[in-house]
Amino acid sequence: MIDILAFAVWPYAALAVFVVGHVWRWRADQFGWTTRTSELMEKRILAWASPCFHVGTLLVIFGHVAGLLVPKSLTEAMGVSEAAYHAFAVGAGLVSGAVFVVGVVGLALRRFILKTRIRLVTRPGDVVLYVVLVAQVVLGMWQTIGYSTLQPGVFDYRDSVSIWFRSVFWLHPDSALMGGAPLVFQLHAVAGFAFFAVWPFSRLVHAWSIPLGYLTRPAIVYRHQGA
């Protein structure tokens, strides 16, 4: 029953909150649809922590897409051996994870410990977001180091976790696949969907408002007064 709730019910509940939460946020809080930047309060730490967080996030997303959505049969058909895939996955995972950790830790220290005035303008949704992010970082690095690096071959997530993840989006979740996975993989999966559930109520909504118009807008011409 726990496996069904965690791996067959919770993913859809979290995704429903993700969708409905964004609609509600847009309709009820458009003025809050922003990063609520605190750059004016502190720039030194933000200057390196924010780029690390954003670059690390993109790398982590790419790694999860490659690991969860690309079937093992496809990489084998492309001639990529299991050893080569494993070496690349571990190396890329460690690098992207390290960059992401540096960014999250820097932003968390800046907001909750080093700069009191930033903590005073932090909303509850942001606190929950940081808790989920830190949990994901710990669990993700535990997987990469504890299993893929120190115990290669003990557990292959592509034979269970990846198939389960794809089955969720095929609307036929196979919770039994996750029931046999190590606890850290189970917790990482649950926390991953918790991240989607928290997203609409945090500053992450700004990700859907990328200013692509800046790439094509005409140049702004500045003239001296009286010119």
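**Entry 1: first look.** I started with burial: of the 227 residues in the chain, 37% are buried. I am working from a predicted model, so I checked the confidence next. The mean pLDDT of the chain is 85, and 96% of the residues reach at least 70. A reminder to myself: where pLDDT is low, the predicted coordinates should not be read in detail.

**Entry 2: overall layout.** I counted 9 helices and 0 strands. Read along the sequence, that gives α-α-α-α-α-α-α-α-α. Along the principal axes, the C-alpha atoms fill a box of roughly 70 × 40 × 40 Å. I also looked at contacts with a separation of 6 or more: 80% of them join residues 24 or more positions apart.

**Entry 3: α2 against α4.** How do these two helices pack? I found helix α2 (residues 46-69) and helix α4 (residues 82-114) at an angle of about 145°, their axes 7 Å apart. The crossing of α2 past α4 is left-handed. On the α2 side, I listed L46, W48, A49, S50, C52, F53, G56, T57, L59, V60, A66 and G67 as making the contact. From α4, the partners include Y85, F100, G103, L107 and R110. Sorted by class, the contact holds 14 nonpolar, 7 polar and 1 charged residues.

**Entry 4: the cores.** Next I looked up the largest nonpolar core, which has 21 residues. Its members with the most contacts inside it are F53, F100, L107, L129, L133, F195 and W199. I noticed that F53, F100 and L107 are also in the α2 and α4 contact. At least two residues of this core come from each of α2, α4, α6 (124-149) and α9 (183-198). Which helix gives the most? That is α6, with 6 residues. I then followed L133: leaving out residues up to four places away in sequence, L133 touches F53, F100 and F195. There is a second, separate core too, with 18 residues, L68, L139, V184 and A189 among them.

Entry 5: Is R158 buried or exposed? R158 counts as buried because its relative accessibility is 3%, below the 20% cut-off. Beyond its neighbours within four places in sequence, R158 contacts G67, V70, P71, K72, T75, E82, Y85 and I163. Two of these names, G67 and Y85, I had already written down for the contact between α2 and α4. I also took the distance from R158 to W142: the two are 16 residues apart in sequence and 17 Å apart in space, C-alpha to C-alpha. S160 is buried as well, with a relative accessible area of 9%. With neighbours within four places set aside, S160 is in contact with F155 and L177.

Entry 6: L171 is not a glycine, yet its phi is positive, at about 65°. Buried or exposed? L171 counts as exposed, since its relative accessibility is 62% and the cut-off for exposed is over 50%.

Conventions
Residues numbered from 1 in each chain as written. Predicted model: local features only at pLDDT ≥ 70, side-chain atom pairs only at ≥ 80, totals over all residues. Heavy atoms only, no water. pLDDT = per-residue confidence, 0-100. Axes fitted to C-alpha atoms, helices over the stretch in contact; angles between N-to-C directions. Helix = DSSP H or I, 4+ residues; strand = E, 2+ residues; numbered from the N terminus. Left-handed = near helix turned anticlockwise from the far one by under 90°. Contact = heavy atoms within 4.5 Å. Nonpolar A, V, L, I, M, F, W, Y, C, P; charged D, E, K, R; others polar. Core = buried A, V, L, I, M, F, W, Y, C linked by side-chain atoms within 4.5 Å. Buried < 20%, exposed > 50% of the residue type's maximum accessible area, 1.4 Å probe, protein only.
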